Amino acid sequence: MDFSFNEEQQYFAKMLREFAKEELLPNYTRWDREGVTPKHLWEKLGELGVNGLRIPEEYGGSGADCVTTGIAAEEIGKGDFNLTYAVMLNALIGEIIATHASDTIKKEWLPKIALGESIVGIAITEPSAGTDAGGIKTTAVYKDGAYVLNGEKSGISVATSGDAFIIFAKTNPELGNRGISAFIVPADLKGLETKGYEDLGNIPVSRGSLYLHDVVVPEEYLIGLEGKGFAQVMNGFDLSRLLIGLQCVGAAMQSLEETIEHVKMRHSFGKPLATYQGVSFPIVTHYTQLDMVRWQAYRGLWLRDQGLKHSKESAAVKWLGPKYSQEAIHECLLLNGHYAYTKEMPLEQRLRDVIGLEIGDGTAQANQMVIAKDIIGKEYRSY
């Protein structure tokens, strides 16, 4: 067993750690206050090779392994939690397109995604279909060499800033999950409308709804085969859930680092706060929990790199990563006192941002169902 990163991965982590500290962290709260998606930073990440980690080299990416992609999620999460969507979304979308799409789609979209020139979202969730992704109602009807899409997608990341979306729709509603297909849909197509939300957190992610009114999509924009969309995204979730866990852990670990420095310097009753067990023990508790989730995440990514099953590991990380992270950040906010309750410090924003990922990509309960099915058996599936 070898739990070390190789030399190239160590260099990559150090480079991103410095970038996150020097260029991302100082402006992390700015984009939240201004309600802006910093597209120039997506382009900067493209220059650093982050956007194309899971994109093959022939299409402008680096074809990196999943463990290296996890390093990017963790390190960027320490500087700007919301910018980590460039890692998570691009890894998920890059894999789907590179594995299943036609050469036409690959050549058109993958280089732009890798460079950060185009932001692409993934649209599955609907008003009546969240955890039950197979319950989507959006339809895609084939007509005269194209597909006509109708429906509504909700809770979609980069809804108002995306240049295109991978949209999942039913080409054969009678088949349920087996009738779901995936399409890449440019945001400027006629009949596609977007509306943003006023969210609690993740403001720069520009979450919102997509409305499809007779959107005509060329048949070559079908990704893979008809009816294979559900399987494509379910496999992709195993990756994104691991990256989300590391994204949250990165933000929480940064909060702990800042808080440790604070409790060393701040005195109460003549002693540093760090000398009181009521302060140090909670910090130790959160560090221990986060470190365990962190290594479970890297183990899951390693399993994926080896082509081995990792669904229950992904579900465990997605369940516990956001939970432990928001608890740790909350504790850090309290330990920093009333100043941390203001918007002068980044803790309140990290708390708001992390809470959002207790929902996205599957709630705790949804992920517990995945684990239960694996360790207890499909015939005892819970509802």
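**Pockets, cavities and cysteines**

The second largest pocket has a volume of about 370 Å³. A total of 15 residues line this pocket, and those closest to its centre are Asp2, Phe3, Tyr298, Arg299 and Trp302. Helix H8, which spans residues 277-305, supplies the largest share of the lining of the second largest pocket, with 6 residues. When the lining of this pocket is sorted by class, 8 residues are nonpolar, 3 are polar and 4 are charged. These results, like those that follow, refer to a predicted model.

Rolling a probe the size of a water molecule over the atoms shows where empty space is left. The structure contains 2 cavities of 30 Å³ or more. The volume of the largest cavity is about 60 Å³. The lining of the largest cavity is formed by Thr37, Pro38, Trp42, Asp80, Asn82, Leu83, Tyr85, Val158, Pro204 and Val205. By class, this lining comprises 7 nonpolar residues, 2 polar residues and 1 charged residue.

For the second largest cavity, the volume is about 40 Å³. The residues that line the second largest cavity are Ile124, Ala133, Ile136, Phe168, Ile180, Gly229, Phe230 and Val233. Helix H7, covering residues 229-265, gives the most to this lining, contributing 3 residues. The lining of the second largest cavity has 7 nonpolar residues and 1 polar residue, with no charged residues. Gly counts as polar in this classification, and Gly229 is one of the lining residues of the second largest cavity.

Across the whole structure, the search for disulfides returns 0. A disulfide requires a pair of cysteine sulfur atoms within 2.5 Å. For Cys248, the closest cysteine sulfur belongs to Cys332 and lies 14 Å away, so the separation is too far for a bond. Likewise, the sulfur of Cys332 has its closest cysteine sulfur in Cys248, at 14 Å, which is too far for a bond.

The accessibility of these cysteines was also computed. A residue is counted as buried when its relative accessible area is under 20%. Cys248 is classed as buried because its relative accessibility is 0%. Cys332 has a relative accessibility of 1% and therefore counts as buried.

Key: Residues are numbered from 1 along each chain as its sequence is written. This is a predicted model: local features need pLDDT of at least 70, side-chain atom pairs count only at pLDDT 80 or more; totals for chains, interfaces and linings use all residues. Side-chain values use heavy atoms; hydrogens and water are left out. Buried means under 20% relative accessible area, exposed over 50%, partly exposed in between (1.4 Å probe, protein chains only). On a 1 Å grid over the protein atoms alone, a cavity is a set of points where a 1.4 Å probe fits but cannot get out, and a pocket is an open set with protein on both sides within 12 Å along at least five of seven lines; lining residues have an atom within 4 Å of a point. Grid points are joined across faces, edges and corners, and a volume is the space filled by probe spheres set on the points. Helices (H or I, at least four residues) and strands (E, at least two) are DSSP runs, numbered from the N terminus.
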